[in-house]
Amino acid sequence: MDSNSIKLNNSWKQLLIQEFSKDYFVKLKQYLLNEKQNGQTIYPPGNKIFAAFDNTPFDKVKVVILGQDPYHGTGQANGLCFSVAPGVKQPPSLQNIFKELESDLGIKPPLNGDLTKWTHQGVLLLNATLTVRANQAGSHQNQGWEVFTDKVIGLLSSQKVNLVFILWGKYAHGKEKLIDYKNHLIIKSAHPSPFSAYSGFFGSKPFSKTNSYLISKGIIPIDFSL
């Protein structure tokens, strides 16, 4: 994964090109290469690692939903946080997101867990860590991805205005310090995981809050139906 071969939407690549030659990213690339050489299966597939950026160019971003890790089960991860490939069973957190979507906006839970439609409207579905070892949650944390994605959040905060940042759970809340709250809306709640959804995620109405803010700024709202 050298800087010339990285599949990244050009609007992002222009902003992030210097990151690819920094020590932390060089070490990250070597780490991923070692994983593959050691026979480890890595998710998502290589051509999907930067899918969040490819689907949502920098100039189109309206909303950022921050996840922590890609799904680590077979065929689940598609490069978009909380999303799964078409035909893959919806994980519990995604099922709860759809329950809140129905409660909030009256949108019936879809049969398909692929959130690509959101990304094409300006929703950046960003995991803090962009890869994971198969069947080992969190296995690629603290290898450099977080430095990269923190840079992304900082660029969005500093170079754009009137974005909505949706931070679900304690880990995502830790990214609040990277965001200028005077220029953007920050929506925080518990994580949609079954372990925490009843502790403040359900009833938090993130989708209607998002669209109310966008409309108030003269920005076209998101159609969250799938």
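This report on a predicted model covers a strand pair, a helix pair and one threonine.

Strand β3 spans residues 123–127, and five of its five residues are buried, so the strand is largely enclosed by the rest of the structure. V123, L125 and N127 point one way from β3, while L124 and L126 point the other way. Residues on both sides of β3 are buried. In a regular strand, side chains alternate between the two faces of the sheet.

Strand β2, residues 63–67, runs parallel to β3 and is joined to it by five bridges. Among the paired residues, V64 has L124 of β3 as its bridge partner.

## Helices α2 and α6

Helix α2 (residues 23–37) packs against helix α6 (residues 145–159) with the axes 9 Å apart and at an angle of about 130 degrees. The two helices are therefore oblique to each other.

On the α2 side, the contact is made by Y24, F25, L28 and L32. These residues meet W145, V147 and F148 of α6. By class, the residues of this contact comprise seven nonpolar, no polar and no charged.

## T210 in helix α8

T210 belongs to helix α8, which covers residues 206–216. With a relative accessible area of 0%, T210 is buried, because the cut-off for that class is under 20%.

A polar atom of the T210 side chain lies 2.7 Å from the backbone oxygen of P206. Leaving aside residues up to four places away in sequence, T210 touches V63, V164, I166, I187 and F224. Of these neighbours, V63 falls within the range of strand β2, residues 63–67.

Technical notes: Residues numbered from 1 in each chain as written. Predicted model: local features only at pLDDT ≥ 70, side-chain atom pairs only at ≥ 80, totals over all residues. Heavy atoms only, no water. Helix = DSSP H or I, 4+ residues; strand = E, 2+ residues; numbered from the N terminus. Buried < 20%, exposed > 50% of the residue type's maximum accessible area, 1.4 Å probe, protein only. Polar contact = N/O pair within 3.5 Å; in protein donor to acceptor, adjacent residues only side chain to side chain. Contact = heavy atoms within 4.5 Å. Axes fitted to C-alpha atoms, helices over the stretch in contact; angles between N-to-C directions. Parallel < 35°, antiparallel > 145°, perpendicular 65-115°, else oblique. Nonpolar A, V, L, I, M, F, W, Y, C, P; charged D, E, K, R; others polar. Pairing = 2+ DSSP bridges.
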